[in-house]
Amino acid sequence: MSNPAASFEEYRKRLLGLAYRMLGSIADAEDAVQDTYLRWHAVDRDKVSDPRAFLMTTTTRICLDMLTSARARREKYVGPWLPEPVVDAAELAPDTSTELAEDLSIALLLTLDRLSLLERAAFLLHDVFDFSFSEVAATLERSEPACRQLATRARAHVRALRPRGTAAPTAHSGEIDEKHAQLMSAFVAATRSGDLNVLTQLLASDVRVETDGGGKVAAALNVIEGVDHAARFLVGATRKGWREDFTLRFATINGLPGVIVDGPEGPVQTAAFEIERGVIKSLYVVRNPDKLRHLARVIRPREIGLD
């Protein structure tokens, strides 16, 4: 405990995982964890009986403060908001064996974003990070019954999203499943060639396409729904936006099979595919450059052949 850096390090991954799930942003999560470390450095650590509880509580409260101001900014956000894409999701694992421990899916994060701030915190602390309700109550400065109600309401929303028996995308997924790789390669080929007949066969009839440009680059201002609208939009966007110096590579994005589009200066877009019964059910596209800065090009990417 005499060395603040060493005593803090064993909790860093857990704290970063909590902060990312709270905030939906790697950059903001890193800021929250750094702020937690500064407070850990300043506190009389010999008087801290439970470092884990102290650090998780501190990170949670910092995130709640950040979210209060972020929600005001979100009201001015241009177009759909999506969480920052995560490729190395194992670095955000909470080191618990809870049902949702490895679920970093975009759909789950969007559901959490629709909860009240206290519902989100209570759910994450108890259902993902295995806090007892007495610890949750101390963290949120609410009674235990109130925290149980907060978590129950949040859990109902999450279960509506992911019915019992549905497997969560795993944070530790590495290689892309070959069938998914073939589907995504066919999708890329169809959008680039403009083949609407092939593309519509790859999409679910009720497919949803969400694109996040943040008002900084071209992106749809509304969610695109339905196979015909989605197919036409995807072909048109590819025709306007594709450049010959772009390359594509497979990646696991928030536990989902995905594609990263790289330009000469780095990533310009990610696309995460929610695949169900062999077709694309949802497509989450992040183009906001502020949300792509943390994505480093892997040493040996599996690039998608386009010939």
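Q: Which exposed residues does the face of α8 turned away from its buried side carry?

A: An α-helix has 3.6 residues a turn, so residues three or four places apart point the same way. In this predicted model, local features need pLDDT of at least 70, side-chain atom pairs count only at pLDDT 80 or more, and totals for chains, interfaces and linings use all residues. Residues are numbered from 1 along each chain as its sequence is written, and side-chain values use heavy atoms, without hydrogens and water. Turned away from the buried side of α8 are the exposed residues P145, R159 and A160. Exposed means over 50% relative accessible area, buried under 20%, and partly exposed in between (1.4 Å probe, protein chains only).

Q: Which residues of α8 are buried?

A: They are C147, L150, A151, A154, R155 and V158. Viewed down the axis of α8, these buried residues fall within an arc of 130°, so they line one face of the helix; the arc is that of the directions from the helix axis to the C-beta atoms.

Q: What covers the buried residues of α8?

A: The cover includes α5 (106-113), α6 and α7 (133-140). Contact means heavy atoms within 4.5 Å, and helices are DSSP runs (H or I, at least four residues), numbered from the N terminus.

Q: At roughly what angle do the axes of α6 and α8 cross?

A: Axes are lines fitted to C-alpha atoms, for helices over the stretch in contact, with angles from 0 to 180 degrees between N-to-C directions. The axes of α6 (residues 117-128) and α8 (residues 144-161) cross at roughly 90° and come within 8 Å.

Definitions and conventions
Helix = DSSP H or I, 4+ residues; strand = E, 2+ residues; numbered from the N terminus.
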